[in-house]
Amino acid sequence: MNFLKRYQLKKRQRELMKKRDIYERLQTEHSKDIYFYEYTQRVMDSLDEKAEQIRRMLEMECCE
């Protein structure tokens, strides 16, 4: 994997985690609304999975 591709993946991973942090703050602020809480949890889980996929891709390239 070339430098530019790695950079783009790392940048995308950081963006996903920033977005997750926003949802986590919203979840905390509106924790009394169970439907909103569940919605934000699903979104955060999805963002976590996407970031994890990128991490695996970067890790696989590193080990080759």
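Biologist: What share of the contacts with a separation of 6 or more comes from residues 24 or more positions apart?
Modeller: In this predicted model, residues 24 or more positions apart account for 62% of the contacts in the protein chain that have a separation of 6 or more.

Biologist: And how many helices and strands are there?
Modeller: The secondary structure of the protein chain comes to two helices and zero strands. Helix α1 covers residues 3-29, and helix α2 covers residues 34-63.

Biologist: Is the chain spread out or compact, going by its radius of gyration?
Modeller: The chain is more spread out than a compact globule, because its radius of gyration is 15 Å, well over the 11 Å that the globule rule gives for 64 residues. Taken along the principal axes, the C-alpha atoms fill a box of roughly 45 × 15 × 10 Å. Within helix α2, Arg56 and Phe36 are 20 residues apart in sequence, and their C-alpha atoms are 30 Å apart in space.

Biologist: How much of the chain is buried, then?
Modeller: Buried residues make up 19% of the 64 residues. The chain exposes about 5200 Å², and carbon and sulfur atoms supply 54% of that area.

Biologist: Which residues make up the largest nonpolar core?
Modeller: That core has seven residues, namely Leu9, Leu16, Val43, Leu47, Ala51, Ile54 and Leu58. Helices α1 and α2 each supply at least two residues of this core, and α2 gives the most, with five residues. As background, nonpolar side chains in soluble globular proteins tend to be buried together.

Biologist: Take Ile54 from that list; what does it touch, leaving aside its neighbours within four places in sequence?
Modeller: With those neighbours left aside, Ile54 is in contact with Leu9, Arg12, Gln13 and Leu16.

Biologist: Switching to arginines, is Arg20 buried or exposed?
Modeller: Arg20, which is found in helix α1, counts as buried because its relative accessibility is 15%, and the cut-off for buried is under 20%. Leaving aside neighbours within four places in sequence, Arg20 is in contact with Met44, Leu47 and Asp48.

Biologist: What about salt bridges, how many turn up?
Modeller: A search of the whole structure finds seven salt bridges. One of them joins Arg55 and Glu52, with the closest N and O atoms 2.5 Å apart. These two are three residues apart in helix α2, so about one helical turn separates them.

Biologist: Which other arginine does Glu52 meet in a salt bridge?
Modeller: The side chain of Glu52 meets that of Arg56 in a salt bridge, at 3.6 Å from N to O. Glu52 and Arg56 are four residues apart in helix α2, and therefore about one helical turn lies between them. Arg56 counts as partly exposed because its relative accessibility is 37%.

Biologist: And which glutamate has a salt bridge with Arg55 at 2.8 Å?
Modeller: Glu59 forms that salt bridge with Arg55, the 2.8 Å being the distance between the closest N and O atoms. Both residues lie in helix α2, four residues apart, which is about one turn of the helix. Glu59 is partly exposed, with a relative accessible area of 42%. Through shared partners, salt bridges join Glu49, Glu52, Arg55, Arg56 and Glu59 into one network.

Biologist: Last topic, the surface: which residues make the nonpolar patch of about 380 Å²?
Modeller: That patch is made by Phe3, Leu4 and Tyr7. Phe3 is found in helix α1, and it counts as exposed because its relative accessibility is 70%, where the cut-off for exposed is over 50%.

Technical notes: Residues are numbered from 1 along each chain as its sequence is written. This is a predicted model: local features need pLDDT of at least 70, side-chain atom pairs count only at pLDDT 80 or more; totals for chains, interfaces and linings use all residues. Side-chain values use heavy atoms; hydrogens and water are left out. Patches are made of residues with over 30% relative accessible area and no salt bridge: like charges are joined within 9 Å, nonpolar side chains (Val, Leu, Ile, Met, Phe, Trp, Tyr) within 5 Å. Accessible areas come from the Shrake-Rupley method with a 1.4 Å probe; for residues, only the protein chains shown count as cover. A salt bridge is a side-chain nitrogen of Lys or Arg within 4 Å of a carboxyl oxygen of Asp or Glu. Buried means under 20% relative accessible area, exposed over 50%, partly exposed in between (1.4 Å probe, protein chains only). The radius of gyration is taken over C-alpha atoms; the globule rule is 2.2 Å times the number of residues to the power 0.38. Contact means heavy atoms within 4.5 Å. A nonpolar core is a set of buried Ala, Val, Leu, Ile, Met, Phe, Trp, Tyr and Cys residues joined through side-chain atoms within 4.5 Å.
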